[in-house]
Amino acid sequence: MNTDATNVNGPLTVRCLEHLATAEVDTADLIALIRASEHLVASYGDRYVTRPALLEADRVRGLQSDLSRLFALLASLPQRLFGGDLRAIGHAAGMIPYQIDAVERTAQDVPTCLGRADLYGEADGFRLLEFNIVSAVGGLENAELNRVLLRHPALAAFVAETGLQYVDTLARIADVIKAECERTNAGSVPVVAIVDTPSNFAPFAERFKFMADIWSGMGLDGIACSLDRFDVRSGRLFAEGRYIDVVYRYFLMEDLLDPDSQAMIEPVLRAAEKGNVALLSRMDAELYGSKAMMALLSDDANRSVFTADEAELIDRILPWTRMLRAGPVTADGGPVDLMDYAQASQSALVLKPTLLHGGIGVVPGWTASPEQWREYLLACSGGPYVLQRRVRPVTESFPVAGRPGAVEPLALNWGVFMIGDEYAGTLIRGAADPDVGVLSRATGARVGCCFHKPGSEPI
């Protein structure tokens, strides 16, 4: 475990820690409130941080501006680099022909930004690890964490005293769903089906039903089902005897690699292509959220297509990222052979597949032996993989449950939701070891929500 990480507590965090210590709050009580919620345990398990994350107004405005501008750059790459040819850029991202077909069949001129940016905070600002531009992201129920924590009188008093607020991510998505329904002949209460493949749906069924119930209180008729529960009648989709207006998809581009899943997804694509159902998000979303697109942004070979302001944003928020291809690249200010550089800089690099999710296939260089790292590089070279510079997160102080007044440092993965051009909430994952590699629930990270200070303009 690395204990040398810089610890940085913002002004709101300092005030929160002081408030909790003065009130002699045992933050184990905060965690107990969360664990009492069956819905939250179904969504997030039983490991939680002992206070919410906190963002000052300027940091929220900065994230909103940077991420909305970055999405616009990602969405512009097909035109800037490939003359608008989606097949060419899909091939560059490592997609197979059927996946590219799915992109072309469902794409629209203006892609929808709906997703979660995963960032680490370094000493001089946030760095983007990946931008999950897809409806199938975890953590959408984060606002329920905020609501539950506000049941604790000491924390509720601090939130009221400092004028903090939070964004209900699912409510923001409900608004997007209603807007999508304007493209179809949806009824006054659109029916939204939260859908995944049968094998992926089963372990998350309770979570999906929770989301459907929340949306059913927001002017939608939400249901949750697996793809094999759909009936197709005259090109339209039905489930539980109801005509489906919107498919909110949790199946992913990678599911199209499986023939059985592909057969179940095809009727959905066909219905969306004919305008018989709204698909959220459309399949092109994962093209723009591919790590290959981050490599195209980062690659100095493409620098001429960006303005000075755009290049400044890319350099500031995006770590050095390159497709894993043998040959010359620029790194550390000069030309290098990529494979030689990758081997010599093992402890400073992460190997990532371009299209997989949830940390699958990610290899942090510092967690492998030199022999293993070399084998990974040789096996993945020329395939759908990128190399990315390691981001070293700072830590923040969190109370120790069961020990009022004691604190410990945690490294945070900031999962910042963006819907359209707007900040739409944050889910954090925290770990005591900044060198854990992939900071996620699968590696033992603890989950938490975020409150923020509003600025002079609405967020």
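In what sense do strand 17 and strand 18 pair, and over how many bridges? Strand 17 and strand 18, the latter comprising residues 407–419, pair in the antiparallel sense, and five bridges join them. Before I continue, please note that this is a predicted model.

Let me stay with this pair for a moment. Ser397 stands opposite Pro409 in strand 18. Strand 17 covers residues 395–399, and five of its five residues are buried, so the strand is largely enclosed by the rest of the structure. The burial applies to both faces: Thr395, Ser397 and Pro399 lie on one side, Glu396 and Phe398 on the other, and all are buried.

Helix 7 may be considered next. This helix, residues 142–149, is mostly covered, with seven of its eight residues buried. Among those buried in helix 7 are Asn142, Glu144 and Asn146, together with Leu145 and Leu149.

I turn now to the nonpolar cores. The largest has 130 residues, and those with the most contacts inside it are Phe131, Trp215, Phe230 and Tyr248. Helix 4, residues 57–82, gives the most to this core, contributing eight residues. Apart from it lies another core, of 16 residues, which includes Ala331, Ala342, Ala368 and Leu387.

Which residues does Tyr248 contact, if we leave aside its neighbours within four places in sequence? They include Leu114, Ser135 and Leu140, then Ile173 and Ile177, as well as Val192, Ala193, Ile194 and Val195, and also Met211, Trp215 and Leu280. Several of these names return in the elements that follow.

Four strands form an open sheet in the order 5-4-9-10, with parallel pairing. Strand 5 (221–226) and strand 10 (278–280) stand at the edges; each has a single partner strand, so one side of each is left without a neighbour in the sheet. From one strand to the next, the twist averages 25°. Within this sheet, strand 4 (residues 191–196) and strand 9 (residues 246–249) pair in the parallel sense over four bridges. The bridge partner of Ala193 in strand 9 is Val247.

Helix 11 lies across strand 4, strand 5 and strand 9, and it runs at about 165° to strand 5. At the contact, Leu170, Ile173, Ala174 and Ile177 in helix 9 meet Met211, Ile214 and Trp215 in helix 11. Trp215 was also named among the residues with the most contacts inside the largest core, and Ile173, Ile177, Met211 and Trp215 are among the contacts of Tyr248.

Strand 6 is joined to strand 7, residues 236–239, by three bridges. Asp231 has Phe238 as its bridge partner in strand 7.

Notes
Residues are numbered from 1 along each chain as its sequence is written. This is a predicted model: local features need pLDDT of at least 70, side-chain atom pairs count only at pLDDT 80 or more; totals for chains, interfaces and linings use all residues. Side-chain values use heavy atoms; hydrogens and water are left out. A nonpolar core is a set of buried Ala, Val, Leu, Ile, Met, Phe, Trp, Tyr and Cys residues joined through side-chain atoms within 4.5 Å. Buried means under 20% relative accessible area, exposed over 50%, partly exposed in between (1.4 Å probe, protein chains only). Helices (H or I, at least four residues) and strands (E, at least two) are DSSP runs, numbered from the N terminus. Contact means heavy atoms within 4.5 Å. Two strands pair if DSSP finds at least two bridges between them. Axes are lines fitted to C-alpha atoms, for helices over the stretch in contact, and angles run from 0 to 180 degrees between N-to-C directions.
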